[in-house]
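Please keep the sequence and the structure in view while reading.

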Amino acid sequence: MRHLMNPLDFSVEELDRLLDLANDIEANPAKYAHACAGKKLATLFYEPSTRTRLSFEAAMLNLGGSVLGFSSADSSSAAKGESVSDTIRVISGYADICAMRHPKEGAPLVASLKSSIPVINAGDGGHQHPTQTLTDLLTIRSEKGRLHDFTIGLCGDLKFGRTVHSLIQALIRYPNIRFVLISPEELRLPDNIRDDVLVKNNQQFQEMVRLEDALPELDLLYMTRVQKERFFNEEDYIRMKDFYILDKEKMKLAGPNMLILHPLPRVNEISVEIDDDPRAVYFKQAQYGVYVRMALILTLLEVEVC
Ligand code: NCD
């Protein structure tokens with residue numbers, strides 16, 4: 001049995017197959033409409049979510065399966081002090097596969113050790129968010145036709161942003177990727193990722209504070225929200241929250257084919273006036289999240305559709 005904790009849990013070849021499957025699902029939805037009939041997905045969300053939880057649920061429903069779960073810790077027995085290990089042992093008898101989001105780094109991994117069904121990490125604290133990475137990879141590959149030879153700007157909260165941590169780990173496996181890390185000093189990429197992932201793998205990267213300086217050279221811009229819930233004090237958050245605002249004026253500095261991605265939710269970092277710019281693909285990206293989660297559920301449940 002297989003879990004998904006980290007984007008590196010899949011090899012590059014396996015990822016290719018998964019993304020091919022997601023593209024086929026998008027093109028031929030009817031073929032997959034009953035693939036998971038009789039199967040159940042449990043969504044165990046101890047932290048807020050809109051897209052991740054609902055796209056998982058939509059994915060399972062699109063496959064003809066059913067869903068059950070909870071969407072906050074206080075509506076589950078966690079509020080009474082139950083451990084994730086105990087919860088997953090019980091849920092293993094109620095569902096065939098589970099997606100778990102938790103504020104504690106490593107909680108889904110702890111659950112997977114006691115689980116008899118596949119566990120998917122749907123975001124653990126500031127650590128990893130592998131299914132967002134699958135979504136990002138599918139978006140980039142579908143919109144650009146490749147996953148190599150890019151200069152990608154990662155902008156915003158690189159310290160607490162788990163989507164950025166997972167995406168970097170996944171992208172270094174493709175040739176000729178150059179990262180431009182754009183953040184205020186206080187929200188720089190954590191040392192463990194800069195040193196153990198980028199430096200150790202001889203990856204090309206550059207750190208910058210001003211978005212304007214980076215924009216002209218980017219093929220892709222991955223914007224992120226300042227992660228309010230991970231700050232220790234409100235004052236720091238307020239100081240940082242509007243550090244970057246991508247607007248029409250700044251977009252004049254970007255190339256005509258530079259795509260803007262964002263895992264969403266957006267707060268102020270992308271002005272709504274950009275939404276109709278053909279380079280803005282963040283809403284499309286959220287739709288790709290459904291296809292890729294359908295592909296993931298089929299893969300982990302080992303369901304073959306001919
Ligand atoms: C992200 C997350 O939860 O890390 N959201 C998502 O899953 N699409 C990004 C964020 O919350 O800023």
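What covers the buried residues of helix H3? The cover includes strand S1 (40-45), strand S3 (97-102), helix H4 (107-113) and strand S4 (119-124). Contact here means heavy atoms within 4.5 Å, and a residue is called buried under 20% relative accessible area, exposed over 50% and partly exposed in between, with a 1.4 Å probe and protein chains only. Helices (H or I, at least four residues) and strands (E, at least two) are DSSP runs, numbered from the N terminus. The model is a predicted one, in which local features need pLDDT of at least 70 and side-chain atom pairs count only at pLDDT 80 or more, while totals for chains, interfaces and linings use all residues. Residues are numbered from 1 along each chain as its sequence is written, and side-chain values use heavy atoms, with hydrogens and water left out.

Helix H3 itself comprises residues 84-91, and its buried residues are Val84, Ser85, Thr87, Ile88 and Ile91. Viewed down the axis of H3, these buried residues fall within an arc of 160 degrees, so they line one face of the helix. The arc is that of the directions from the helix axis to the C-beta atoms.

The protein as a whole contains eleven helices and nine strands. Its radius of gyration is 19 Å, close to the 19 Å that the globule rule gives for 306 residues, so the protein is as compact as a globular protein of that length. That radius is taken over C-alpha atoms, and the globule rule is 2.2 Å times the number of residues to the power 0.38. The C-alpha trace spans about 55 × 45 × 40 Å along the principal axes of the protein. Of the 306 residues, 55% count as buried. Among contacts with a separation of 6 or more, 75% are between residues 24 or more positions apart.

The accessible surface of the protein comes to about 13,300 Å², and 49% of it belongs to carbon and sulfur atoms. Such areas come from the Shrake-Rupley method with a 1.4 Å probe; for residues, only the protein chains shown count as cover. As for charge, there are 35 positive and 43 negative side chains, and the centres of the two sets lie 3 Å apart. Lys and Arg count as positive and Asp and Glu as negative, whereas His and the chain ends are not counted. Each charge is placed at NZ of Lys, CZ of Arg, CG of Asp or CD of Glu.

Individual residues may now be considered. Thr151 lies in strand S5 (residues 150-155) and is buried, with a relative accessible area of 12%. Apart from neighbours within four places in sequence, Thr151 is in contact with Arg178, Val180, Glu217, Leu218, Asp219 and Leu220. Leu298, in helix H11, is buried at 2% relative accessibility. Not counting residues up to four places away in sequence, Leu298 touches Leu21, Ile25, Tyr32, Ala35, Cys36, Leu63 and Val303. The C-alpha atoms of Leu298 and Ala79 are 219 residues apart along the chain and are separated by 32 Å.

Pro48, in the loop between S1 and helix H2 (51-62), is exposed at 70% relative accessibility. Its C-alpha atom is separated by 6.6 Å from that of Ser72, 24 residues apart along the chain. Gly64 lies in the loop between H2 and S2 and is partly exposed, with a relative accessible area of 31%. The C-alpha atoms of Gly64 and Gly81, 17 residues apart along the chain, are separated by 34 Å. Asp74, in the loop between strand S2 (66-70) and H3, is exposed, with a relative accessible area of 65%.

Most residues other than glycine have a negative phi, and most peptide bonds are trans. Asn202, which is not a glycine, has a positive phi of about 50 degrees; this residue is in the loop between helix H7 (191-199) and strand S7 (204-208) and is exposed at 70% relative accessibility. Leu264 likewise has a positive phi, near 65 degrees, but this residue is buried at 11% relative accessibility. The peptide bond from Leu264 to Pro265 is cis, with omega near 5 degrees. Pro265 lies in the loop between strand S9 (259-261) and helix H11 (282-300).
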